[in-house]
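The explanation follows the display.

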Amino acid sequence: MVKRAANAALVLAAMVSMAVAVTMVAAPAGVAAAHPAGVAAAKPKPSPTPTPSPTPTSTAAYMVTNLGSLGGGYSKGLALNNNGQVTGYSTTGKTITLKSCCGGCYPGGPHNPCVEHLYHAFVWSNGTMTDLGTLGGNFSQGDSINLSGQVVGSADTATGSSSFLWNGTKMTALSGVGAYAINDSGQIAGACTDSTGSYPCVDSNGTFTRLPQPANPAVTCGGASAINNNGQAIGTCGDTSSEPHAILWQNGTATDLGTFGGPSGVAAAINNNGQVAGYAMTSTDAQHGFLWSNGTMTDLGNNFISAAVNDNDVVVWSDLIYSGGTVQNLNNLIPAGSPQIDYAVAINDKGQIVANAGGHALLLTPN
């Protein structure tokens, strides 16, 4: 199973300076990372029994929908569109036996083969979870979904792995681009490769545009991780000290969004207003979330590692939501007895949120 090695320098930078955010952007083993700054996570495990929310309000702000699974009991939501459709990956009811040994193995002793559930990319829409399949291998995941229900992601082939485009009925392998995100016009942001190596690019109906390198000190860019409906893209580039820098590409120009006085920053999401959510270091090496808008970086607070932002300037990460200068815990805004939210990964303009809780993908819909 092949992974996108072209992003190795960026991965190393993110691991060194932004280790707190690993679980937010991690991808399942066997398929490529959902974002260039991602670090591979452990393969899905059986879902534990969800625990109730700690202190819900008397009147819940959100209705919670458990998206279910493809038969294996585990699901993880990764992206959401304005129609409330969700993509991600889920275990199926099928398993494979691995050659590796599990539990109590030693030379000359018994060989206990490892058994693993297959996991596939899905689209959840109006209560139905659709299995998108693979490109001939065992695993796949959906990383981004647009308003038309098109999905880009990564999938195993019979001999390796590839990015894919799902057009609503069929999964097609993408050639020449490692796809990370798709906008409503069908533009795909990701990483392209030529004889010089990997570089950030945008694919517009098969026409590839190479995004420019930012000025020093950022020198290595693995790919563009998100794109909005205006064609503005973001990514994270590493400098000569392996420190990540948050980058915005627009109108043929690369802009380093800066930090809060520290050495590094990461761009996580962009909305259609050109506002970028991410996180950056302070002079004391604390990690603060930010919302960047027209050259101004608003501090969202310590350890608020922004994951997603909608067109209403609402930002989510972990079990937190930022809106209008106030940060709240999502577990206090959902009905009593709901699974306890581990982390939120996406928010649309209607205020719906995709979150994950103990191996279950959830959709939170405002009441």
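**Disulfides and a histidine site**

C102 is partly exposed, with 36% relative accessible area; buried means under 20% relative accessible area, exposed over 50%, and partly exposed in between, with a 1.4 Å probe and protein chains only. This is a predicted model, in which local features need pLDDT of at least 70 and side-chain atom pairs count only at pLDDT 80 or more, while totals for chains, interfaces and linings use all residues. Residues are numbered from 1 along each chain as its sequence is written, and side-chain values use heavy atoms, with hydrogens and water left out.

C102 forms a disulfide with C114, and the two sulfur atoms are 1.5 Å apart. A disulfide here is a pair of cysteine sulfur atoms within 2.5 Å. The pair links distant parts of the chain, 12 residues apart: C102 sits in the loop between β3 (86–101) and β4 (113–125), whereas C114 belongs to strand β4. Helices (H or I, at least four residues) and strands (E, at least two) are DSSP runs, numbered from the N terminus.

How many disulfides does a search of the whole structure find? The search gives 4. With bonded cysteines counted along the chain, their pattern is 1-3, 2-4, 5-6, 7-8.

Another of these links joins C192 to C201, with an S to S distance of 2.1 Å. The link of C192 and C201 is right-handed, with 80° about the S-S bond. Are its two cysteines buried or exposed? C192 is buried, with a relative accessible area of 2%, and C201 is buried as well, at 0%.

C221 and C237 also form a disulfide, with their sulfur atoms 2.0 Å apart. C221 counts as buried, at 3% relative accessibility, and C237 is buried at 0%.

The next site is a histidine. H288 lies in strand β20 (residues 287–293). At 15% relative accessibility, H288 counts as buried. Which residue does the side chain of H288 meet in a polar contact of 2.8 Å? The partner is D299, through its side chain. A polar contact is a pair of N or O atoms within 3.5 Å; within protein, one must be able to donate a hydrogen and the other to accept it, and residues adjacent in sequence count only if both atoms are side-chain atoms. Not counting residues up to four places away in sequence, H288 touches D299 and others, including F260, Y279, T282, N302 and F304. Contact means heavy atoms within 4.5 Å.

Some totals put these sites in context. The protein chain has 2 helices and 28 strands. Of its 367 residues, 54% count as buried. Among contacts between residues at least 6 apart in sequence, 48% join residues at least 24 apart. The accessible surface of the protein chain comes to about 14700 Å², and 51% of that area belongs to carbon and sulfur atoms. Accessible areas come from the Shrake-Rupley method with a 1.4 Å probe; for residues, only the protein chains shown count as cover.
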